[in-house]
Amino acid sequence: MFSLDGRVAIVTGAGSKRGIGRATAISFAGQGAKVIICDIDLDGVMDVEGIIKAKGQEALAFKTDVSSAGDIQKVVNETLGKFGKIDILVNNAAINQPVKVIDMSEEDWDRVIAVNLTSAFLFCRAVLPSMIERKYGRIINLSSVAGKTGCISYGGAHYCASKAGILGFSKHLVQEVSPYGITVNSITPGTIATDIRGGLESEEKQMEISARIPCRRFGRTDEVAAAICFLASEEAGYITGEDIDINGGVYMD
Ligand SMILES: NC(=O)c1ccc[n+]([C@@H]2O[C@H](COP(=O)([O-])OP(=O)(O)OC[C@H]3O[C@@H](n4cnc5c(N)ncnc54)[C@H](O)[C@@H]3O)[C@@H](O)[C@H]2O)c1
């Protein structure tokens, strides 16, 4: 079940040491996919490429700023040139910033929206022509519980707005691409043990935050990667416009 054998997958934001993107890229490769790893962090993507290749699997790393249409087109062109197709796109790269609206500059707002939301539009626009032509595609966009509730322990309104935007963008895209065998779904994590909140919290802080989570712990990146792998599989072909909450019960809708 859920083999990704022979699939070609792009994962953005896959460079960080203990991030969801890295776990997803390694998991995809383990299931047989050729993985294109994009991140603004060159050392990070080279590291992940090395880990995947050391296991005898195929990977290709790109230093990519996902807010740049030019960078994105380069990734897509080179992927199509080398592998001939793109089956799976995971829009995972994101940034957050703990700043109140009254202190937020327009540059702060624009940067977070560009990296977290406009990037998903730009990447989808770039991969869709080839997916439509082949009548196959799996798009998975990373939202956040903050897009539904506002940030609780760390972050800003721009982050929340971008993550709420991902949900609307994903649902609209379903209307446009479903006739072509392309699914579009989102994943909405709660608190996962990564560095996105300005570094992983101390054990003490983790316990304090976990007390408010029904499962009483942070989520793990492999738990998020598992759901992404499922949505990326051929077997999930009739699931589209869905959003999967992975939050230990902290928010239910
Ligand atoms: N960790 C959590 O608790 C949590 C909760 C909800 C949602 N999410 C979402 O999950 C996704 C992955 O986050 P994570 O927790 O693994 O964070 P992370 O910080 O570990 O990973 C984010 C990655 O995005 C990359 N990135 C930042 N700006 C970029 C740019 N301009 N171009 C390309 N890459 C860029 C970073 O270098 C980093 O590798 C994000 O979309 C995030 O919003 C995470």
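# Ligand and its pocket

A nitrogen atom of the ligand is 2.9 Å from an N or O atom in the Asp-65 side chain, a polar contact (an N/O pair within 3.5 Å). This is a predicted model, where local features need pLDDT of at least 70 and side-chain atom pairs 80 or more, while totals for chains, interfaces and linings use all residues. Numbering starts from 1 along each chain as its sequence is written, and side-chain values use heavy atoms, with hydrogens and water left out.

**Contacts and burial**

- Arg-197 puts a polar side-chain atom 2.7 Å from an oxygen atom of the ligand.
- On its own the ligand exposes 820 Å² (Shrake-Rupley, 1.4 Å probe), and the protein buries 93% of that.

**The shell around the ligand**

- There are 28 residues around the ligand (a heavy atom within 4 Å), and Ser-16, Asp-39, Tyr-159, Thr-194 and Arg-197 come nearest.
- Sorted by class, that shell holds twelve nonpolar, eleven polar and five charged residues, with Gly counted as polar and Tyr as nonpolar.

**The pocket**

- The ligand takes up the space of the largest pocket (over half its atoms within 2 Å of the grid points).
- Helices H4 (106-134) and H6 (157-177) are the elements giving two or more residues to the ligand shell (DSSP runs of at least four residues).
- The largest pocket has a volume of about 920 Å³ (1 Å grid, 1.4 Å probe, open, protein on both sides within 12 Å along at least five of seven lines).
- It is lined by 42 residues (an atom within 4 Å of a point), and Ala-94, Tyr-159, Thr-194, Ile-196 and Arg-197 are closest to the centre.
- For the pocket lining, H4, H5 (146-149) and H6 each supply at least two residues.
- That lining splits into 20 nonpolar, 14 polar and eight charged residues.

Definitions and conventions: Polar contact = N/O pair within 3.5 Å; in protein donor to acceptor, adjacent residues only side chain to side chain. Points joined across faces, edges and corners; volume = space filled by probe spheres on them.
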